[in-house]
Amino acid sequence: MSEYIQMFSNLWELAIVILIFGGSIFVHEFGHFVAAKWRGLKVLRFSIGFGPKLFSWKGRDGCVYMVSLLPFGGYVALPQLADMGALEGGDAEEKAKGELLPPASCTDKIIVSAAGAFFNVLLAALLALIVSFTGLPTNSHYDSNTVGYVSDTITDARSEVLRSPAKLAGILPGDKILSVDGKQTRSFSDVVERIALGSGRGEDGLPLAKLKISRGGKEMEVFVRPVLANTNVATGDAIRMIGVSPKQEMVVGTLMKDSPAEKAGLKAGDEVLSVNGIKLYSQQQLADILEKNGEDTPVSLSVLRAGKTHEIKITPRKIALTKPLCKVSMGKFGSLEFLNASGYAPGSECVKVFSKKIGNPYFGGIGFGDMLYAANGKNISNITQLNALVNHLGGREKIRLSFMSAGMKMKEAYLPEGAESKIIPPKERVMLGYSLALPVKIKYPSVPEQFGDAIDRTIGALSSLLNPKSDVGISSLAGPVDIGRVIYRLSLEDIALVLSFAVLLNINLAFLNMLPIPVLDGGHILFALIARLSGKSIPPVLLAAFQGVFSILLVSLMVYVVYIGFMRWSGDSSMESADMAQSEYYIRDISFKGHE
């Protein structure tokens, strides 16, 4: 819910969404308009936007120019090209006018149909040129195809824990993934995308990926069984994952006060190369090694400083990473976990739901992050109070719990008789006490590089969508809602990221519109070529039937992807709320004070 409010309250970012998404479609239609005028075809209407007409005027050329309510693109009514009145809002009078016009030639139809895609390519080239000069901020971790960490498990959006396929296949930190299913990978983004869009399957029908990796200068093939990890609880979206993350630049950013790292002389800017002679590829790898060695066991850190290698002895310390939890158990009905958190008012504290594993229908409406403000009418301000009350009354009577959601919705639920409570102590971790520098750098990709990447991604996604062996289906399509959200989020980071995405969007529009499908530009070109090669026009009745059927299919698809887009938005918002509640579990200001 918070993203809905934020997005529609930030007018500048919303204007960027309309400009980029709507502008890309408008440029496409403007291409048709310019080409039609150049070829002498009749243009009945040229609309900026879709939906109900806001206002219009008739030009000297007889064309009705109009502005419509929905500012996402536009359309051009060209009766000599095809009768698209069902989609473009034409009436019987306009159709009759179109029937009186001379037919367009095959050349006219091809040029006008292709002009939309051509203008999208021109816009993409202009935007790519701007990006090549202004630069593109990127996370340098993803520039390499080297594995930084192999996780033991993968936890999906439904909190289901899956075994890591990469771990089972024997992939190690430092391995370079050269290709996935025979497709070269130049960056870790390529690795993630190739895995997600893969279509390989084993004899048992389950997902299978063939990786070519380089380890110690030797190349080898490794077969991995990707798992389908749910990424959205509302839509059921799931993609293939193998449980690897990229190599990190191990450059020290900040040192925590009184930490072992600070006391040992580690400095900001040092590059951490190895620990106890083990080459490091990620901070997670270092954390595992420290946890295995235990507290008070000195480690030797090899660091690069000003071009020279230094060995630094550090004795790590175990400190609390999280807050304590209050776990309320309800026997066969499951359990709830609560934590102390910041309240909705600045500076206030309260008790919030951290997790729930229950089958009690009375708690069906209680969600992550909901605030527990009272029990049996008594104010609850911390988990100590809750724990004491449940243990005092839980064995003798039901307890009425009063909740309030982030949207200020009031809820109530009853703990059954026999409920019990206990305090779960904080989680601790052995740490050195430093964080990595933010790995952002500016890249200046050339126009051909940007085009090549956009075309490769477009073809890859389309191929996976059409391949029955992949796990990418119609529900994975991104519509106006998804595209708008992507543009909005990128606009919050850097306008160059928006322009780069607009390059991909326009290449997508150009490519997809040229597919030989009726209603699309490629379909118009196909019909024109068939008529030219056969020497006779396609019967109007047959052409109308094709256009009608595919118009219905296109409209249905548009409605579906818009619906899925809103569902995906709802699911993402729920997960973001849950992540926010989860983030409150971790202590933000870790302190080593007292660890002498």
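F55 has its place in strand β1, strands here being DSSP runs (E, at least two residues; helices are H or I, at least four), numbered from the N terminus. The model is predicted, so that local features need pLDDT of at least 70 and side-chain atom pairs count only at pLDDT 80 or more, while totals for chains, interfaces and linings use all residues. Residues are numbered from 1 along each chain as its sequence is written, and side-chain values use heavy atoms, without hydrogens and water.

The two residues below differ in cover (buried is under 20% relative accessible area, exposed over 50%, partly exposed in between; 1.4 Å probe, protein chains only).

| Residue | Relative accessibility | Class |
|---|---|---|
| F55 | 46% | partly exposed |
| M66 | 9% | buried |

M66 is found in strand β2 (residues 64-77), and beyond its neighbours within four places in sequence it is in contact (heavy atoms within 4.5 Å) with residues including F46, I48, F55 and Y75. The C-alpha atoms of M66 and I48, which are 18 residues apart along the chain, are separated by 6.3 Å.

Strand β7 (residues 176-180) and β8 pair over two bridges, and V180 has K183 in β8 as its bridge partner.

Key. Pairing = 2+ DSSP bridges.
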